[in-house]
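Subject: Structure handover

Hello,

Here is the structure we talked about. Please open it beside this email and follow along.

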Amino acid sequence: MRITTIGATATAVAFLASPITSTPAPAPAPAPAPVLAVLAASVVSKPAKAASVHGEARISYIESIHDDIRFTIHAEQTPFTRPMPPTAPEGLSTDARGTLKFSHSRGEVTGWAEATVDCLVTSGRTATLTAVVTKSNVEEPGARLGISVQQGGKGEPDRLGFSWGVVNVDPENVGENGQLVRPQAGSCMAPAPFTTVIKGGYKVIHAEITKSPTQPEPAPHHS
C-alpha cells in the first residue's frame, strides 16, 4: 500500500479592491509532516534483554539427604566484557557478572563459599554458569565452580546441579595421598541439574547468545 500525504497544491491570492492599498494574502500553512516520519519518531527502541538467573533455594541431595544445602545465585550475562588475549581479545558472548553463595550444614559444621560469576549461558528455563571462589572454608580461592539451574514448569520443582560430589571426576588425576583430585570446571561447564529444590526457587530469563565481533585478518607476511 502506498502512503501519501496531502499538502497545499496551489495558493489562492486575493486582493482587496481599493484605490489606495492592497493587502497580499497570508503565506500558506506548511504542509503536514509525512505520516511515516511521525510514526517513526513515536517509536521508542527497547534495549535487548540479557540472559540471567536469580534466586535462593535449599536443595535435596541424595548423598546428603538430611543435610541443609543452600545456593544463592544472582547472575547476568554481559557479553564481551572479559578480554582473553590473544585468542578472544574482546572476550566471549557468554561473559557474565554476579555472585554465587552456597552453604552445606551437617549438625554443627557448615561449609560455605562465595564466588564471582564469570560465565552464563541459557536455554529455555535452564541456565548453566560458573563462578570463581573468592572466600571459603572448604574451597581454594581461585577455584571455578560449575552450577546448573532448571526452573520448574507446570507444577514441577526447580532443580540444580553442581560440579562436585558425584560428578567431574578424572580417574587418571590422583593426588600424592592416593585420593582423586577434582578437575577445575571450565567456563560455563556444569552437569545436568541432578538435585531437587525443596524450598525457595530460581527465575531464569533466556536470551540467545550474541555473535562474536569479526576478528581482524592477520597482517600479510612479507618475506
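Which backbone oxygen does the side chain of Ser148 reach? That of Pro191, at 2.7 Å. I will come back to Ser148 below.

Some ground rules come before the rest. The model is predicted, so local features need pLDDT of at least 70 and side-chain atom pairs count only at pLDDT 80 or more, while totals for chains, interfaces and linings use all residues. Residues are numbered from 1 along each chain as its sequence is written, and side-chain values use heavy atoms, with hydrogens and water left out.

**Overview**

The protein has one helix and eight strands. (Helices are DSSP runs of H or I with at least four residues, strands are runs of E with at least two, and both are numbered from the N terminus.) From the N terminus, the order is α-β-β-β-β-β-β-β-β. The protein has 223 residues, and 28% of them count as buried. (Buried means under 20% relative accessible area, exposed means over 50%, and partly exposed is in between, with a 1.4 Å probe and protein chains only.) The protein exposes about 14,900 Å², and carbon and sulfur atoms supply 58% of that. (Accessible areas come from the Shrake-Rupley method with a 1.4 Å probe; for residues, only the protein chains shown count as cover.) Take the contacts between residues at least 6 apart in sequence: 55% of them join residues at least 24 apart. (Contact means heavy atoms within 4.5 Å.)

**Ser148**

Ser148 sits in strand β6, residues 144-150. Its relative accessible area is 1%, so Ser148 is buried. Beyond four places in sequence, Ser148 touches residues including Ala127, Thr128, Leu160 and Pro191.

**Ser64**

Ser64 is in the loop between β1 (52-60) and β2 (68-77). Ser64 also counts as buried, at 9% relative accessibility. Take Arg106. Ser64 and Arg106 are 42 residues apart in sequence, yet 8.7 Å apart in space, C-alpha to C-alpha.

**Salt bridges**

Side chains of opposite charge can pair when their charged atoms come close. How many salt bridges does a search of the whole structure find? It finds seven. (A salt bridge is a side-chain nitrogen of Lys or Arg within 4 Å of a carboxyl oxygen of Asp or Glu.) Here are some of them.

- Arg97 pairs with Glu76, with the closest N and O atoms 3.5 Å apart. Arg97 is in strand β3 (residues 96-106) and Glu76 in strand β2, so the pair ties together parts 21 residues apart in sequence. Glu76 is partly exposed, at 30% relative accessible area.
- Lys135 pairs with Glu114, again with closest N and O atoms 3.5 Å apart. Lys135 lies in strand β5 (residues 126-136) and Glu114 in strand β4, 21 residues apart. Lys135 is partly exposed, at 46%, and Glu114 is partly exposed, at 25%.
- Asp118 pairs with Arg144, with closest N and O atoms 3.0 Å apart. Asp118 lies in strand β4 and Arg144 in strand β6, so the pair ties together parts 26 residues apart in sequence.
- Arg58, Asp68 and Arg70 are linked in a network of salt bridges.

Stay with Asp118 for a moment. Is Asp118 buried or exposed? Asp118 is buried, because its relative accessible area is 11%. Its side chain also has a polar contact of 2.7 Å with the side chain of Thr130.

**The disulfide**

The whole structure holds one disulfide. (A disulfide is a pair of cysteine sulfur atoms within 2.5 Å.) The disulfide joins Cys119 to Cys188, S to S 2.0 Å. Cys119 lies in strand β4 and Cys188 in the loop between β7 and β8, so the pair ties together parts 69 residues apart in sequence. The torsion about the S-S bond of Cys119 and Cys188 is about -105°, so the disulfide is left-handed. Cys119 and Cys188 are both buried.

Best wishes

Definitions and conventions. A polar contact is a pair of N or O atoms within 3.5 Å; within protein, one must be able to donate a hydrogen and the other to accept it, and residues adjacent in sequence count only if both atoms are side-chain atoms.
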